[in-house]
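Welcome, and please open your viewer. We will take this one stop at a time, from the whole chain down to a single side chain.

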Amino acid sequence: YTGRGIAIYNTGAFTITVDPNASEVIVRDGTAQTGGVTFTLSTGAGNFVNLISDGEKWITLGFKGTLSVGS
């Protein structure tokens with residue numbers, strides 16, 4: 001999916017957990033997470049995260065709110 005982007009937008013008063021499949025890696029704030037590590041987007045309408053694929057990893061391209069590393 002090189003060059004493919006997705007936007008995850010929070011529309012309400014809840015957190016959103018992004019859970020990559022198995023060994024998929026997300027680069028959060030310039031740091032590659034371990035494969036399969038989740039992250040959560042903080043509560044609040046209007047918070048968002050944009051991700052773009054480089055063909056191997058999903059890279060955060062910008063966000064509003066707090067991105068917390070899960071497990």
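What percentage of the 71 residues of the chain count as buried? The figure is 35%, and it belongs to a predicted model.

**The whole chain.** Start with everything selected and colour by secondary structure. Along the principal axes, the C-alpha atoms fill a box of roughly 30 × 25 × 20 Å.

**Confidence.** Now colour by pLDDT. The chain averages 88, with 99% of its residues at 70 or more. Select residues 5-9 for strand β1, which has the highest mean among the elements, 94. Then try residues 67-69: this is strand β8, with the lowest mean, 82.

**The core.** Next, show the side chains of I8, I16, V18, I26, F39, L41, V49, L51, W58 and L67. These 10 residues form the largest nonpolar core. Strands β2 (16-18), β5 (39-41) and β6 (48-53) each supply at least two of its residues.

**One residue up close.** Zoom in on I16. Leaving aside residues up to four places away in sequence, I16 touches I8, Y9, N10, F39, T40 and L41.

**Back out again.** Among contacts with a separation of 6 or more, 58% come from residues 24 or more positions apart.

Technical notes:
Residues numbered from 1 in each chain as written. Predicted model: local features only at pLDDT ≥ 70, side-chain atom pairs only at ≥ 80, totals over all residues. Heavy atoms only, no water. pLDDT = per-residue confidence, 0-100. Helix = DSSP H or I, 4+ residues; strand = E, 2+ residues; numbered from the N terminus. Core = buried A, V, L, I, M, F, W, Y, C linked by side-chain atoms within 4.5 Å. Buried < 20%, exposed > 50% of the residue type's maximum accessible area, 1.4 Å probe, protein only. Contact = heavy atoms within 4.5 Å.
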